[in-house]
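Hello,

Here is the structure for your files. Please look it over, then read the notes below.

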Amino acid sequence: MSNSPAVEITQLVKRYGGRAVVDGLDLVAARGQVTAVLGPNGAGKTTTIECCEGLRRPDDGRVRVLGLDPLQQAAALRPRVGVMLQDGGLPTGVRAIEMLRHISSMYARPREVSELSERLGIDSFATTSVRRLSGGQRQRLALAAALVGRPEVVFLDEPSAGMDPQSRNAVWELVRELRTEGVGVVLTTHLMDEAEDLADHVVIVDHGAVIARGSVADLVAAGDDRTLRFRTEPGLDAVDLAGVLTAAGPADGSLAAVHETTPGEYLVTGAVDPRVLAALTAWCAARDLLASRISVGRRTLEDVFLDLTGRNLR
Ligand SMILES: Nc1ncnc2c1ncn2[C@@H]1O[C@H](COP(=O)(O)OP(=O)(O)OP(=O)(O)O)[C@@H](O)[C@H]1O
């Protein structure tokens, strides 16, 4: 069992009222790695994580955490798994530090509470009752509660959502340390920079199934590495523009597409080169359009998702 992956999910299905919100999802998360699960609202990320935590019963498929069944072997898993839920899931009547001390007392080899609370800035609200904490403070406390027992696997549902930049950095630093210590970290996030910064392995989920997976570098390097963004009037003929840019670009026609990401903002993906940029400005000039904020950059995970689904990640 000691060599089993942190998490292994095979063909997971979970239905609510007959509707499959997780629909044949496969995922392997290794120990000593950060696996980021990305996807738009309602894609099934939280439901998948909750099946791993033993909080939901799968309708079909197989879920193993450290080689164990989260439902049948819940008692054996509990001391080895750290869970940070999206809504905190903390009791509200106790003081922050008391709660953390109480949780730590349930473990055989807990982390030092004072060290953890200093790192996550819990000291500044240690004696405040949980119900009076701000959203970001609650998040930090929930993270401390998930980590205090030195788990071998941690599930973090949007760990730094709503946090100020300083707290976010503290969280990221802790996550990197966990990885170094050999902990398997599985996190969901809407923050592309969080995934790009932390993840060894990214899994993109849409409609309850995985539509892409790999390292950030692998995912953004598919095709050409660049994107072209610009702003002008909404409602351009994206198909016509894509045709013109493709004809102007590399001979292999590898320019992918033109997307209007929000009204008046455009993204060109694919093999963007100087000829494509020239063709864009010529196309705009012929229509008396002034394109502004023209920028050429590298692809992001957000662009990958848009390419795969034609939709924005959020
Ligand atoms: N207990 C439930 N009963 C019925 N439907 C549910 C239940 N829990 C979740 N759903 C539905 O299942 C779908 C997937 O939800 P889930 O929370 O897993 O998505 P998510 O990818 O985590 O989204 P988000 O990014 O918004 O957290 C959504 O349409 C949600 O409304």
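Four strands form an open sheet in the order E11-E12-E10-E13, with antiparallel pairing. Strands here are DSSP E runs of at least two residues, helices are H or I runs of at least four, and both are numbered from the N terminus. Two strands pair if DSSP finds at least two bridges between them. The edges are strand E11 (257-262) and strand E13 (292-298), each pairing on one side only. From one strand to the next, the twist averages 20°.

This is a predicted model: local features need pLDDT of at least 70, side-chain atom pairs count only at pLDDT 80 or more, and totals for chains, interfaces and linings use all residues. Residues are numbered from 1 along each chain as its sequence is written.

E11 and strand E12 (residues 265-270) run antiparallel, joined by 5 bridges. Glu 260 has Tyr 266 of E12 as its bridge partner.

Helix H11 (residues 301-309) lies across strand E10 (226-231), E11 and E12. H11 runs at about 85° to E12. Contact means C-beta atoms, placed from the backbone, within 7 Å. Axes are lines fitted to C-alpha atoms, for helices over the stretch in contact, and angles run from 0 to 180 degrees between N-to-C directions.

Now the domains. The assignment, automatic or from a database, gives domain 1 (7-215) and domain 2 (226-298). Their C-alpha centres lie 40 Å apart.

Last, the ligand. Helix H1 (residues 45-52) gives the most to the shell around the ligand, with 3 residues.

Best wishes

Note on methods. Two residues are in contact if their C-beta atoms, placed from the backbone, lie within 7 Å.
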